[in-house]
Amino acid sequence: MANDVLVERQNDFQLIETNAFDGLYVYIDREISEGEFNIPSITDIKESISEQHFKIKENHDFMHGDIIYLNNRRRKISGVLNQNARQNTLLVTEKCDNLCSFCSQPPNEKDDIHLYLVAAEAINNYRDDTVVGITGGEPTLDKEKFLKFLTLINSNNKQTPLHILTNGRSFSDKEFTKEVLKLSSKREIVWGIPVHGHNQKLHDDCVGAEGAFFETLEGLMNLSYAREFIELRTVVTQKNYKFLPHISELITSSLPFVATHAIMNLEPRGWARRNFEDLTIPPQEQMKYIDKAVSLNTIHGISSSLYNYPLCSVPSGLRRFYHKSISDWKNYYPDFCNTCVEKKDCGGFFSSSIGVYLDYSSISGDKHETKSS
Amino acid sequence: MNEQQNLQIDKSDIDEINFRKLVYWIDESCNVEVTEEKSFWVISFSGDVALVEREISKFNKALNDFFLRKKVSDETAQLREKIIISALNRVASDA
Amino acid sequence: MRELTHLPYNFRRLDDNFVISNYAGQHQYLSEDDFTNICKSDFEKLDSETLSSIESKSFVSPVDEVELRQRILSSKLATRIYSSLQPPGLFMVVPTLRCDHDCNYCQVSRADYNAQGYDLDEKYINDIIKHIDFFSKDYAKVEFQGGEPLINFEFIKRFVSQAKITLKDKDVSFVIATALGPITDEIIEWVDKEKIDLSISIDGDEVLHNTNRPSKRINSFVNTQHTIRKIRSFYPNVSLSALSTVTRLSLEKPQAIVDTFLDLGFRDMFVRPLSPYGFAVDTWRKLGYSSDEFFEFYKELLDIIVNYDGELIEYNALLHLNRIFKQSNSHVDLKSPAGLIFGAMVFDYSGDIFGSDESRMLYKTTGSEELILGNVSKNPKDLIKNKNLIAMLKDSFIEVNPGCCDCAYNQYCGADPIYHLSAQGDLIGDKSKSFFCDLEIKMFDYIFTKYYSDELYYRKFNEWLMMS
C-alpha cells in the first residue's frame with residue numbers, strides 16, 4: 001500500500017548520527033509504514049542524500065520515537081530500535097576472541113568504533129525504555145570501547161535495561177569488572193554468557209579457543225559474586241548434547257547466583273549453516289539429556305529456558321521452560337505447520353533453515369487438525 | 001570398692017584456665033585432688049571403681065575435645081570474628 | 001586420559017554405599033567400588049557418567065585446572081557463609097506469656113491465664129517496629145508467639161495496623177502461632193481482612209492431642225477442628241499451616257497423625273521432635289525418647305506421606321532436601337553460622353530482645369542474662385556491638401567445630417549453639433553426645449539413601465523440591 005508521506009517539516013525526524021558510511025540514523029516523529037517514504041529537503045544535514053525516496057519493507061511499521069536507518073545506497077529503510085519489534089538488538093562489533101564452530105555471526109576485523117557510538121546514540125534517543133540487546137562479535141573485546149559505550153548511555157536519564165551477549169572472558173579481569181559494575185550500578189543488565197562444556201576440553205573445543213574455559217569461568221564467577229543477573233547459554237550440538245547434565249552440575253557447583261540457564265537449539269546461520277551436518281542433532285535425541293539437565297537446574301533453584309525449538313519437539317514435561325523465541329524477522333513455518341493447532345504458540349523455525357537445513361524428523365504430527373475436525 | 005588413679009597433664013599442652021575448666025566438670029562424688037608441678041599437673045581421682053573409670057574416661061574425652069577445638073579452629077578465630085562483626089555492621093549500614 | 005587429581009571432600013558410609021560432599025555444596029552418591037576406585041585414583045575403572053559428574057562437581061580436577069577449581073570451592077563456601085549472614089527476615093513478637101493451655105512439654109514456660117505482668121505493653125509497639133525496620137532489608141515476616149498470643153489480641157491488632165504503615169515500603173507478612181483457644185468470629189474476620197497467616201499446633205488425633213495439649217477452658221482438639229473447618233468453609237483465603245510436636249505418646253501413632261492432618265484439609269505438615277527447653281526438660285523422662293525411637297517413628301510417618309496418593313508434603317524432609325540441593329537459609333534453626341539475629345529476632349513480652357526463640361526459652365529457665373542481646377527501648381545500633389552476640393556467632397561456623405569439620409553433611413547441617421548450651425552447658429558442645437547431631441545425621445543418612453535407592457522417594461522428593 002503506497003503511502004506517500006509528505007513530510008512537511010524537518011522536525012518530523014531528527015538526525016542522530018552523521019558518520020555512517022552510506023546512510024543516516026534518524027529518530028522519527030510520526031508513523032510511517034510499508035510503501036514509499038519521502039524525505040524532503042534535509043540539505044543541511046547530509047549532502048549525499050540526493051534522492052529522496054526510500055522503500056520500506058513489507059510488514060514493517062515504524063512509530064513515533066523509533067530509530068530507523070536510511071540506507072542511502074540501497075534506498076532502503078530498516079529498523080534499528082522499534083517499538084513494534086519483539087526484540088531490539090544492536091550489533092556493536094564483529095570482532096571476537098572465540099571461534100565457535102556454530103557462530104551465527106562470524107567474526108571479522110572491520111572497524112567498529114562507529115558501531116559503539118551509533119548504538120549509544122540510538123539508545124539515548126530512542127523513545128521507549130524496554131530492554132535492548134547488545135551483541136557482536138564480542139562486545140567487551142575492546143574494554144575501552146565498551147566502557148566508553150556504557151559512559152555514553154549513562155548520559156541520558158532513561159537507564160534503558162540491557163541484555164548483553166558476551167563470552168565473559170574480559171570479566172576475568174577484576175579491575176575491568178569493577179569498572180563495568182560501577183558504570184552500570186543503576187542499570188538493569190542481564191549478561192548472556194555461553195558455557196558449552198563441563199570442562200576445559202569440551203568447552204574450548206566448542207568455542208575454538210584455548211584458554212576460553214578458564215577465562216569464561218573466572219569471568220562468570222566475578223560477575224556472579226557481584227550478584228549480577230546472569231543468563232548462562234548453552235548451544236546444543238553433536239559435540240556436547242550428551243554432557244548437558246554435567247554442564248548443569250558444573251554451573252550449580254560454581255555459580256551460586258546464576259539466574260537462569262538457556263538451552264539453545266542450533267540456528268543454521270553463519271558458520272552453523274556451513275558446518276550444519278557435523279553440528280546438528282535432532283531435538284528428539286536431545287530431549288533426554290535436556291530433561292536431566294533441567295531437572296538438576298530446577299532442584300538446585302536455577303531456572304531453565306529452551307530456545308529455538310519447534311514446540312512439537314518439546315515433551316509436555318518440559319513445556320513450561322519453552323520460549324517462543326525466534327525473533328520476528330527470522331521465523332518461518334513450513335507448509336506442514338499450517339494445520340497445527342499450536343502454531344501461534346510456536347516460534348517456528350529459523351528462516352535460515354529453509355531447504356536442507358529443515359529437519360522434518362523433528363516435527364511431530366499429533367497436533368495437527370484433520371480434515372474432519 | 002574404691003580405687004585411686006592419677007592423670008598427668010603437660011602444662012605445654014593446655015593453659016591453666018582451660019585445664020581448670022575441665023576439672024570443673026568432674027562429678028563431685030568422685031574425690032579429686034589437683035597438684036601443680038613445675039611442668040605438669042597431676043589430677044588424682046579416687047572413689048568407687050566404676051565412678052573413677054567413668055570420670056577418667058570423660059576427662060580424657062573432654063581433654064581431647066579441647067585439643068581438637070584448638071587445632072581445628074585456632075587458625076581462623078580472628079577471621080571468624082571479623083566476618084561476624086563485618087556482617088553485623090553491614091546490617092546496620094543497610095538500614 | 002588427562003591426569004586427574006583430588007580436591008578436598010568429606011565422605012560417609014551408608015551401608016554399601018558412600019556419599020561424598022565438598023565446599024561447593026555438591027554431593028555424589030557412590031557405590032563402594034566407585035568410592036574405593038576414586039580414593040585410589042583408579043579413575044579409568046569408573047564409568048564415564050560418574051567420572052564426568054565428579055569432575056563437574058569439583059571432586060576431582062584435571063591437573064591444569066586445579067587453581068580454577070580451588071577458586072570455585074572457596075568462592076562457593078564464601079557464598080554459603082555470606083548468605084547465612086544476610087539481614088534477618090523473621091521477627092518474633094511475644095504479646096503475652098499467658099496461656100490457656102497446659103501443654104505438658106511447654107517449651108516457653110508459660111504463665112497462668114490470669115497472671116499479671118506477662119503482657120507486652122503497647123507503648124513498645126513503635127520501638128519494636130523501629131527495630132524491625134532497622135534490621136530487615138526488603139522483606140520481613142512478623143510472627144506472634146506466646147504463651148497464647150490471641151489472649152492479647154488488642155496488642156496484635158494495633159501492632160499490625162501500625163506496622164503496615166511504617167513498613168509499607170517493604171514486603172511484610174504476618175503470622176500468628178496459636179492454639180486457637182481464644183478464637184472468635186471477630187478475630188477470624190480480622191485475620192481474613194488483614195491477610196494474616198495462622199500457624200496451629202495439631203499433635204495428632206483427639207486423644208493424643210488433648211493428652212499432650214490439654215486446656216482447662218476448652219476441649220483443645222474439638223475447638224481446633226471446629227475452627228479450622230469454619231475457616232476453610234467461610235474464609236478460604238486465610239492461610240493455615242500446622243505442626244505436630246512428637247512426644248513419647250506420638251510414637252505409636254504416625255498414621256493417626258497423618259490422617260488427622262488430611263482430615264483437616266492440610267496438604268503439608270511439619271513434624272518436629274521435642275527440644276530441651278522449658279517444661280520439657282523436667283518431663284523428658286516421661287515424654288522423651290532416644291533418637292532411635294524418634295527415628296523409627298519418623299521413618300514410618302514419612303513412608304505414609306510419600307505413599308499417599310495426592311499432594312502431601314512433609315516439611316522436615318523438605319527442609320533437609322533444600323539444604324542439600326540449594327543450601328537454602330530459609331529455616332533459621334539449620335544454618336551455619338547460627339541463625340541468631342541473622343535468622344530471627346525475638347521481642348519478648350518484657351521488651352528484651354533475643355537472637356532466637358530458643359534463647360528466650362532458655363532464659364526463662366536459667367535466668368542467664370547473657371542471652372539477652374538488647375532491649376526495644378534502646379537504640380538498635382547497640383545490639384550490633386553486643387559482645388555476647390559476637391561471641392556466640394563467631395564459634396558457630398560449622399567448618400571449625402570438632403565433630404562437624406569432617407562430617408559429610410557439614411554444608412547442609414547447621415550449628416545450634418543454644419541447643420548445646422541448654423543440653424550440655426557449652427555453645428559448641430560435644431557432638432558425639434548430642435541428640436541434635438544424632439538426629440540430624442540419621443535424617444541426612446535416610447534422605448540420601450532413600451533419594452538414591454527408592455524410585456518413589458526420588459520422584460516425590462524431586463516434586464517437593466521443584467515446588468518450593
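How many bridges join strand E13 (residues 344-347) of chain C to strand E14 (residues 352-354) of chain C? Two bridges do so, and the two strands run antiparallel; within this pairing, the bridge partner of Phe347(C) in E14(C) is Ile353(C). The model is predicted, with local features needing pLDDT of at least 70 and side-chain atom pairs counting only at pLDDT 80 or more, whereas totals for chains, interfaces and linings use all residues. Residues are numbered from 1 along each chain as its sequence is written, while chains are lettered from A and ligands numbered from 1 in the order in which they are written.

Helices (H or I, at least four residues) and strands (E, at least two) are DSSP runs numbered from the N terminus, and two strands pair if DSSP finds at least two bridges between them.

**The sheet of 10 strands**

E13(C) and E14(C) belong to an open sheet of 10 strands in chain C, with mixed pairing and the order E12-E11-E10-E9-E8-E7-E6-E13-E14-E15. Strand E12 (313-314) and strand E15 (374-375) of chain C are its edge strands, each pairing on one side only. Helix H5 (residues 153-166) of chain C packs on this sheet, touching strand E6 (90-93), strand E7 (139-144) and strand E8 (171-178) of chain C. Contact here requires C-beta atoms, placed from the backbone, to lie within 7 Å.

**The sheet of three strands**

Another open sheet of chain C has three strands in the order E2-E3-E4, with antiparallel pairing, and its edges are strand E2 (10-14) and strand E4 (27-31) of chain C. Neighbouring strands of this sheet are turned by 20° against each other on average, direction ignored. Five bridges join E2(C) to strand E3 (residues 17-21) of chain C, and the partner of Arg12(C) in E3(C) is Val19(C).

| Helix | Strands touched or crossed | Angle |
|---|---|---|
| H1(C), residues 32-39 | E3(C), E4(C) | about 110° with E4(C) |
| H5(C), residues 153-166 | E6(C), E7(C), E8(C) | about 170° with E8(C) |

**The side facing chain B**

In chain C, 18 residues are in contact with 18 residues of chain B. Helix H4 (125-135), helix H14 (380-384) and helix H15 (387-394) of chain C each supply at least two residues of that side, with the largest share, three residues, coming from H15(C). By class, the side of chain C that touches chain B has 14 nonpolar, no polar and four charged residues, where Ala, Val, Leu, Ile, Met, Phe, Trp, Tyr, Cys and Pro count as nonpolar, Asp, Glu, Lys and Arg as charged, and the others, Gly among them, as polar.

Definitions and conventions: Axes fitted to C-alpha atoms, helices over the stretch in contact; angles between N-to-C directions. Contact = placed C-beta atoms within 7 Å.
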